[in-house]
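Here are my notes on the contact between the two chains, as promised. Have the structure open while you read.

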Amino acid sequence: MTGALHAGAWWVWALGLATAASRTTNPLLLALIVAVAGYVVAVRHTAGAGARPYAAFLKLGLAVLAIRLVFAVLLGSPVPGTHTLLTLPEVPLPHWAQGVRIGGRVTAEGVVFALYDALRLAALLACVGAANALAAPARLLKSLPGALYEAGVAVVVALTFAPNLVADVRRVRAARRLRGRPGRGFRGLLQVGLPVLEGALERSVALAAAMDARGYGRTAEVPPAVRRTTSALTLGGLLGVCAGTYGLLAGQGAGYGAPLLAAGLLAALGGLRLGGRRSVRTRYRPDRWDARAWLVSGSGAAAAALTVWAGAYAPGALHPPAVPLTAPELPLWPAASVLLGLAPALPWTAGRAPAPAVPGQRNAPLSSSRRSRTP
Amino acid sequence: MIRFEQVSVTYEGAAAPALRDVDLTVPEGELCLLVGPSGVGKSTLLGAVSGLVPHFTGGTLRGRVTVAGRDTRTHRPRELADVVGTVGQDPLAHFVTDTVEDELAYGMESLGLPADTMRRRVEETLDLLGLAELRDRPIATLSGGQQQRVAIGSVLTAHPRVLVLDEPTSALDPAAAEEVLAVLQRLVHDLGTTVLLAEHRLERVVQYADQVVLLPGRGEAPVVGAPAAVMAHSPVHPPVVALGRLAGWSPLPLSVRDARRAAAPLRERLADVRPPAVAAPVETAAPVRPPRGLLRRARRAPEGPAPAAALTDVSVRHGHVDALREVSLTVRPGETVALMGRNGAGKSTLLRTLVGLHEPARGTVRTGGAAPHRTGPRELLRHVGLVPQDPRDLLYADTVAAECAAADTDASASPGTCRALVSSLLPDVPDTAHPRDLSEGQRLALALAVVLTARPPLLLLDEPTRGLDYAAKARLVEVLRGLAAEGHAIVLATHDVELAAELAHRVVVLAEGEVVADGPTPDVVVSSPAFAPQVAKILSPLPWLTVPQVREALS
């Protein structure tokens with residue numbers, strides 16, 4: 001047992017919490033969801049590779065909150081309100097711009113409504129951030145079906161292209177200073193654009209050569225019949241999924257939508273499974289879907305399902321009205337169902353043997369900062 | 001194990017073939033060293049072994065290359081992956097995953113090995129290469145030597161019978177290079193792996209080779225033979241061989257150990273001779289340490305000419321890490337200072353601080369009397385110039401001529417200044433070539449000319465000899481000596497102990513951001529096991545550093 005939980009379990013858990021968050025605008029419930037996600041991250045986060053900082057997502061959430069509020073104040077709000085907080089000077093607009101308002105009366109109701117709305121988005125971001133911090137998306141690759149693996153690697157490599165590009169732009173812009181040119185400004189960016197792209201392209205080609213030399217894309221011989229069945233199943237399955245989804249969304253075809261979707265999914269999965277035969281790849285220490293993974297993903301799914309159900313039995317508690325202004329209350333049962341999301345923080349899910357070398361990585365910055373304090 | 005039969009490679013659009021009529025056999029379990037000046041087709045030959053030439057690079061391959069009996073014409077690189085492991089020049093370009101353990105497993109996963117075999121081999125390889133401590137570390141956080149070992153490990157796990165390496169030690173400090181070579185030795189001796197490697201820094205590898213393949217020139221037939229026999233006539237050779245040839249030792253020693261045994265008479269002969277100075281003598285360049293305490297602020301500049309650069313108790317932080325700690329350093333006009341130390345010791349940070357790319361957290365930096373991080377780029381150009389580790393960072397235009405014209409405008413120099421400098425540094429750099437298509441040596445010459453166009457009194461170079469062959473290095477030494485004689489102060493950060501010995505008046509050794517040694521070159525390097533050049537090791541305890549010194553004394 002390695003202690004590393006299946007990456008998929010973390011994502012199911014986080015998406016469950018996100019679903020719960022999307023079903024409510026109650027700020028107390030939303031705060032509870034963010035707190036649950038944050039607590040689990042704090043308890044279970046290991047400084048393993050690829051784990052992105054959780055704080056970045058929290059900051060993004062705060063930025064969303066701020067932007068939404070600024071817009072609500074500047075552009076006004078469709079929510080009718082009686083409590084005027086302040087009145088901004090209104091910009092006169094021509095009649096064809098009717099319905100758009102800049103400045104004017106800012107009501108407490110409008111601001112509160114915008115706040116609730118933005119809080120929901122921020123909570124969603126916090127949930128995704130938690131999944132990202134607990135299991136890097138690249139780790140999901142390990143659980144991808146064989147037929148999709150190579151496409152998955154291509155996506156991951158493409159994703160690392162952007163951060164590398166940013167690092168390159170910084171380096172080359174710094175080097176501009178050495179040529180006696182100011183490093184800032186839009187023109188500066190344009191001038192470094194071409195060398196940076198050339199460099200990035202060179203690196204990509206070098207990586208492709210290295211991957212080729214290491215056996216990326218080796219395939220096994222499969223009989224033509226299997227190949228044809230694979231194509232038929234995959235194509236037919238995807239068509240089924242499209243038609244089924246359309247049926248479900250269109251409303252009229254609800255009768256045949258669900259079975260068609262299910263049949264399409266089954267066929268596509270069969271196609272993927274057969275397609276996997278062409279790939280000779282094996283997996284090194286694949287993530288196992290064990291009891292802990294069931295618990296973690298189950299807790300997220302339960303939180304989602306119970307909150308969706310709560311939407312049916314207590315709609316008022318999940319959506320406290322902004323008009324008239326009332327203090328939101330924390331509804332007991334929905335709060336309890338959100339708290340189910342804390343299950344991954346139980347010591348049992350941490351596994352018996354946590355990954356051994358993690359302290360080594362944690363120690364590196366610690367020890368250096370310790371050194372730095374002694375002059 | 002590796003067989004080349006009448007192999008010629010011609011790249012598309014090239015007038016002449018990159019390789020012509022190569023016949024070569026590397027038997028199993030040998031460490032074969034590929035040497036030659038830059039641009040003779042070493043990388044092409046290595047690529048032909050792994051099948052990347054011509055399957056990946058394009059071009060036409062005539063003749064036949066077989067590896068472990070497989071013809072590379074009919075086997076693509078991925079189908080050779082189980083017999084050939086390839087590590088390119090830049091290990092970072094080689095990594096597909098982001099942790100050490102996953103990277104070691106990646107190749108085996110592609111080959112479809114069973115899970116328990118993979119697990120066993122990963123553990124074995126972690127131990128073999130001393131990577132066990134690092135198994136969960138993100139690759140980006142490793143040092144250069146560690147990355148190189150991971151890159152080697154990542155191809156070793158597939159148990160290839162042939163290992164192909166392109167300049168595995170060029171980017172490494174001397175200690176890290178030894179680490180990597182020790183690993184290669186072990187593979188050859190214990191596992192019977194066939195290793196084919198190309199390397200410019202022969203002083204590091206030649207004593208380990210069983211066979212040397214010399215490509216004397218572009219399109220010329222390779223010379224294959226025992227290392228001592230090939231080195232006796234090779235145009236590229238390490239200092240130990242140069243000294244052996246000079247002293248007429250036979251058999252020609254390839255390692256410091258063998259040379260020391262043969263050198264007793266030479267040491268006796270040189271015992272009473274004072275070695276000539278490495279370069280133009282300068283007055284004692286002892287570092288000016290400011291007195292501690294209250295008087296520090298009131299301290300006057302030292303007597304004599306104003307220093308080209310002065311750092312006083314400078315600390316630089318990168319995030320939470322102290323990159324430099326209380327570094328004090330003064331560089332005078334006409335002085336050449338070599339900064340040495342292991343990868344990540346703060347050498348580049350020091351250079352970048354001198355051009356104002358880092359603001360010091362504490363202390364003062366002065367280049368030509370100005371604080372570089374507060375000086376505008378146009379003004380700074382006249383005080384200090386830096387040639388970065390990768391000269392490509394400095395080059396933006398799409399032809400050499402355009403680059404030179406831009407440099408003239410940047411420095412408000414008269415048109416043609418930069419181009420004239422390029423020609424004086426290296427005569428045959430074509431005007432119409434794209435800077436990225438130039439050889440390493442040509443590119444360095446161009447970047448150096450671009451920086452010199454503004455005639456900065458202080459010139460900084462970061463790892464200038466990476467990828468340079470001995471001829472290009474010798475030219476660089478000549479050029480830099482000339483500049484120092486004209487009064488330029490030069491600071492170079494380098495892992496190349498031979499370069500430092502030939503060029504520097506003073507060596508400053510950094511470790512963990514602190515200056516641990518600072519003094520005249522002979523004093524610092526002769527006593528150091530890591531930074532002593534080969535001649536110093538052979539003639540120790542005598543303070544001789546370079547072959548030209550000895551040659552001058554003997555003639």
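1. A term to settle before the counts: a polar contact here is a pair of N or O atoms within 3.5 Å, where, within protein, one must be able to donate a hydrogen and the other to accept it. Keep in mind that this is a predicted model. Going by that rule, 23 residue pairs are in polar contact across the interface of chain B and chain A, both partners at pLDDT 80 or more.

2. On to the charged pairs. The rule finds eleven salt bridges between chain B and chain A.

3. Which parts of chain B touch chain A? At least two residues each come from several elements, including helix H4 (100-111), helix H5 (115-128), helix H6 (144-156) and strand E12 (321-331). H4(B) gives the largest share of that side, ten residues. By class, the side of chain B that touches chain A has 34 nonpolar, twelve polar and 23 charged residues.

4. As for the extent of the contact, 69 residues of chain B and 52 residues of chain A take part. Together the two chains bury about 5,200 Å², with 54% of it on carbon and sulfur atoms.

5. One note on annotation: an unreviewed UniProt entry marks "domain: ABC transporter" over residues 2-243 and 309-537 of chain B. Residues 2-243 of chain B are 36% helix and 22% strand, with end C-alpha atoms 33 Å apart. For residues 309-537 of chain B, the figures are 34% helix, 26% strand and 32 Å between the end C-alpha atoms.

Conventions. Residues are numbered from 1 along each chain as its sequence is written. Chains are lettered from A and ligands numbered from 1 in the order in which they are written. This is a predicted model: local features need pLDDT of at least 70, side-chain atom pairs count only at pLDDT 80 or more; totals for chains, interfaces and linings use all residues. Side-chain values use heavy atoms; hydrogens and water are left out. Contact means heavy atoms within 4.5 Å. Buried area is the accessible area (1.4 Å probe) that two parts lose on being put together, summed over both. A salt bridge is a side-chain nitrogen of Lys or Arg within 4 Å of a carboxyl oxygen of Asp or Glu. A polar contact is a pair of N or O atoms within 3.5 Å; within protein, one must be able to donate a hydrogen and the other to accept it, and residues adjacent in sequence count only if both atoms are side-chain atoms. Helices (H or I, at least four residues) and strands (E, at least two) are DSSP runs, numbered from the N terminus. Ala, Val, Leu, Ile, Met, Phe, Trp, Tyr, Cys and Pro count as nonpolar, Asp, Glu, Lys and Arg as charged, and the others, Gly among them, as polar. UniProt positions are given in the numbering used here, feature names are shortened, and annotations may be inferred rather than shown by experiment.
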